[in-house]
Amino acid sequence: MHPPCRPLLLPLAQPLPISFSTTAQPLARSSRAALKYAHRDIPTYPHGPSLMYKQSNFGLYGNVKPQYGNTVSERNEIKTRRKWEPNIHDKRLWSVALGKFLPVRVQARVLRTIDKVGGLDEYLLGESPARIRELGMGGWKMRWRLMQDPGVKKRLRMRRLELGLPPKGPEMFLSDRELLGEDEEMADETGKDVDIRDELTGEEGADSGGEMSEQEVDQLLEEEETGTQRRLGTSREGQALGEPPRARP
């Protein structure tokens, strides 16, 4: 006899995983990771991120933080703890260099400062240490983005030339060469330092018909220093006695 036939048990079909989602995936799991991702290609901010008020790292907050205090009743002077939030606004500020509006969260006092200095570009390109500290991480990122514009780069190069600083970087730009031009040639002609020893050797050698030795040059220098000290001592003694100073020959 054949064994009884058993029904074939197949595993239950598992539902296929959904390959799409209507929820946007966050770029980072924390504000620290988001800040690190946003500043991955930017030089390090010298003052570091704000650890107490983390949302100020993503806007122009002007170094402000929430203030804490008490609400005191007038009748029985009962104190209740309260909190003052900074006056933050969502604005679209125009950038002349980039030629477009930049969405930014800005504090009311910073907004008045931007109007005072003449626009967002002038505020971000401020050079004082207080302005750099006031920018924060968000302003530092916007400043770096603005400094990549060719027009701003040319403006900064002109500023360095006005201050008498050498052009930045191993290579000079063509505009720098054109602006320097004749100034470099005149500096090469007139800026050569002549050693006093070579000068004395050349003068005395021309009179005597030969070159002076180092000992003779040293002797001449010592005699000149001694004569100068004597003249200074004589003038000081005369001034102490009430005599008028003698005019130099």
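Together with Trp94 and Phe101, Val96 makes a nonpolar surface patch of about 330 Å². Such patches are made of residues with over 30% relative accessible area and no salt bridge, like charges being joined within 9 Å and nonpolar side chains (Val, Leu, Ile, Met, Phe, Trp, Tyr) within 5 Å.

This is a predicted model, in which local features need pLDDT of at least 70 and side-chain atom pairs count only at pLDDT 80 or more, while totals for chains, interfaces and linings use all residues. Residues are numbered from 1 along each chain as its sequence is written, and side-chain values use heavy atoms, with hydrogens and water left out.

The secondary structure of the protein chain comes to 9 helices and 4 strands, and along the sequence these follow the pattern α-β-β-β-β-α-α-α-α-α-α-α-α. Of the 249 residues in the protein chain, 23% are buried. The chain exposes about 20,800 Å², of which carbon and sulfur atoms supply 53%; accessible areas come from the Shrake-Rupley method with a 1.4 Å probe, and for residues only the protein chains shown count as cover. Among contacts (heavy atoms within 4.5 Å) between residues at least 6 apart in sequence, 38% join residues at least 24 apart.

Most residues other than glycine have a negative phi.

Strand β1 (residues 67-72) pairs with strand β2 (residues 79-84) in the antiparallel sense over 6 bridges, pairing being assigned if DSSP finds at least two bridges between two strands. Within this pair, valine 72 stands opposite lysine 79 in β2. The two strands form a hairpin with 6 residues between them, and in that turn glutamate 77 has a positive phi of about 55° although it is not a glycine. Glutamate 77 is exposed, at a relative accessible area of 61%.

What do the residues of the largest nonpolar core touch most? This core has 22 residues, and Leu60, Ile114, Leu120, Tyr123, Leu124 and Met142 touch the most other members; a nonpolar core is a set of buried Ala, Val, Leu, Ile, Met, Phe, Trp, Tyr and Cys residues joined through side-chain atoms within 4.5 Å. The elements that give two or more residues to this core are β4, α2 (108-117), α3 (120-124) and α4 (129-147), and α4 gives the most, with 6 residues. Leaving aside its neighbours within four places in sequence, leucine 124 is in contact with Leu60, Leu135, Gly139, Met142, Arg143 and Leu146.

The charged side chains complete the picture. The structure holds 6 salt bridges, each defined as a side-chain nitrogen of Lys or Arg within 4 Å of a carboxyl oxygen of Asp or Glu. One of them joins the side chains of glutamate 134 and arginine 109 at 3.9 Å, N to O. Because glutamate 134 lies in helix α4 and arginine 109 in helix α2, this pair ties together parts that are 25 residues apart in sequence. Glutamate 134 counts as buried at 16% relative accessibility, whereas arginine 109 counts as partly exposed at 33%. In another salt bridge, the side chains of glutamate 85 and lysine 83 meet at 3.0 Å, N to O, and lysine 83, at 39% relative accessibility, counts as partly exposed. Arginine 40 forms a salt bridge with aspartate 41, the closest N and O atoms being 4.0 Å apart, and both of these residues are exposed.

How values were computed
Buried < 20%, exposed > 50% of the residue type's maximum accessible area, 1.4 Å probe, protein only.
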